[in-house]
Amino acid sequence: MLTSPQLSALQAIIPAERIHCDADTLERYGQDWTRYTRPQAAAVVFPLSIEEVQAVVRWANSQGVAIVPSGGRTGLSGGAVAAQGEVVLSFERMNRIDQFDPLARTVRCQAGVVTAALQAFAQEQGLLYPVDFASSGSSQIGGNIATNAGGIRVVRYGMTRDWIAGLTVVTGSGELLQCNQGLNKNNSGYDFRHLFIGSEGTLGLVVEATVRLCDPAPPSAVLLLAVPQLPDIMAVFHAFRSRLTLQAFEFFSDQALTHVLAAEQAQPPLAERQPFYVLLECELPPSADDAPVLQAFEHCLEQGWVVDGVLAQSQQQAKALWRLREGISAAITPRTPYKNDIAVVISRLPDFVSRLQALLARDYPDFEVLWYGHIGDGNLHINVLKPESWALEEFRHACEAVNKQVFALVAEFAGSMSAEHGVGLLKRDYLGVTRSAADIALMRGVKAVFDPNNIMNPGKLLRRAG
């Protein structure tokens, strides 16, 4: 908890009604979607302006208090957890969209703008903000930038990083930086914008972003395909990508489908269940003819990679098929899943998946393991569900023991132990799987420059020194 002098000093810069210390607020804002660390926040602050954010950061430096930035708290690696008496700085009231530039096709957003709100704004202008994920209705732009969020359309549009034309950030020492200012061409030295994208709030706070928009997506086809063998999914990917432009290429296991159907009281989408499913969306040719889509599907049937499928015949049916994929995370949340978010180069996926599947079958014999992910960009999500009879710490310890084998395989294939969820607390101690000792030393050096007193989300991404 904050001392009386600390709280008085904070109230001198932020009105008391926007500083919350009640137990319910501390619990709600002190954690993200992970549930493996008990939140212990000291206070939650709701600034309204960049000036107030700077004032809070300067106060934190003077008082020796750490800050945890808070957006939609949809993260899955503990990056927004306040477990050591930190002050949570929530951006939810900094949610203005302004300065739309129709020629540059950019718009400025405050950090607390919800992703779906930006998508809706772009649509009102006849444009598209293409970064999308299941949590778009609650995730915020600042958090998306801090974790370089990816989502379901990376195969077509890339990560959040690819859509950020400029950033306004408050560093750990309270300085205000304008990074790139929306320019397309700016070769004037180091681009600090890209240091803050994906930094998980450890260097400073993203307070505004200039975001690029693009043309709306053309008409598309949505298909759900049943695949008996997991390694064959990449053959399906190649068959469709060689014929069509993919907007998305997702997969999930039948176990994952079972949980979604139960949660949403829905019926199976196909007559017979199969171990795995591919959900793909591809652009139709200008004639809006779906013949190339059906040709690709028939080719996959002939090869035995696919045994059944359905092509959405309406927008409503397309949304229903997408719900089967996007509803997985919410459906399994009551089971407190332990998540691994890994990636390898897509050309190596078949061999990697074959070995990983054998490893998980051997080392997780008593657990229900769900597979799903954005496999079209090499990203797999592995979710291990906690048995009801297991204590949380016992379950976490068992999963972390298996991590050593999983991450050793990831390292062997030169992959990443965190493809898009960030490192946070849960993956921090495995950073060496993906980054060398020299990388990590330089990362510490960068943090020391931007956050000299180590008040910005300390203990996330990088272990505390000493």
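**Contacts, helix packing and ring pairs in a predicted model**

Asn148 sits in the loop that connects helix 5 to helix 6 (154–157). The model in which this residue is examined is a predicted one. With a relative accessibility of 12%, Asn148 counts as buried, because the limit for that class is under 20%. When residues up to four places away in sequence are not counted, Asn148 touches Met159, Thr160, Arg161, Ile197 and Gly198.

Thr147 belongs to helix 5, which covers residues 141–147. Its relative accessibility is 28%, and Thr147 therefore counts as partly exposed. Leaving aside neighbours within four places in sequence, Thr147 is in contact with Gly198 and Glu420. As for Glu420, 273 residues separate it from Thr147 in sequence, whereas the C-alpha atoms of the two residues are 7.1 Å apart in space.

The packing of two helices may be considered next. Two packed helices are described by the angle between their axes and by the distance between those axes. For helix 8 (residues 233–241) and helix 10 (residues 291–303), the axes come within 9 Å and cross at roughly 150 degrees. Helix 8 is therefore roughly antiparallel to helix 10, since angles over 145 degrees are placed in that class. The crossing of these two helices is right-handed. On the side of helix 8, the contact involves Val236, Ala239 and Phe240; these residues meet Val293, Ala296, Phe297, His299 and Cys300 of helix 10. Of the residues in this contact, 7 are nonpolar and 1 is polar, with no charged residue present.

Aromatic rings provide a further view of the structure. The count of aromatic pairs comes to 12. One of the pairs is formed by Phe192 and Phe450, whose ring centres are 5.5 Å apart and whose planes stand at 85 degrees, so the arrangement is edge-to-face. Phe192 lies in the loop between strand 8 (176–179) and helix 7 (193–196), while Phe450 lies in helix 15 (residues 437–450), so the pair ties together parts that are 258 residues apart in sequence. The two partners may also be described by their accessibility. Phe192 has a relative accessible area of 32% and is partly exposed, whereas Phe450, at 10% relative accessibility, counts as buried. Elsewhere, ring pairs link Tyr364, Phe367, Trp390 and Phe395 into a cluster.

Most residues other than glycine have a negative phi. Against this background, which value does phi take at Gln265? Phi of Gln265 is near 50 degrees, a positive value in a residue other than glycine. Gln265 is placed in the loop between helix 9 (254–264) and strand 12 (276–283). At 74% relative accessibility, Gln265 counts as exposed, because that class begins over 50%.

Asn454 likewise has a positive phi, near 55 degrees, and is a residue other than glycine. Its place is in the segment after helix 15, the helix that contains Phe450. With a relative accessibility of 31%, Asn454 counts as partly exposed.

Definitions and conventions: Residues numbered from 1 in each chain as written. Predicted model: local features only at pLDDT ≥ 70, side-chain atom pairs only at ≥ 80, totals over all residues. Heavy atoms only, no water. Axes fitted to C-alpha atoms, helices over the stretch in contact; angles between N-to-C directions. Helix = DSSP H or I, 4+ residues; strand = E, 2+ residues; numbered from the N terminus. Parallel < 35°, antiparallel > 145°, perpendicular 65-115°, else oblique. Left-handed = near helix turned anticlockwise from the far one by under 90°. Contact = heavy atoms within 4.5 Å. Nonpolar A, V, L, I, M, F, W, Y, C, P; charged D, E, K, R; others polar. Phe/Tyr/Trp six-rings, centres within 6.5 Å; stacked < 30°, edge-to-face > 60°. Buried < 20%, exposed > 50% of the residue type's maximum accessible area, 1.4 Å probe, protein only.
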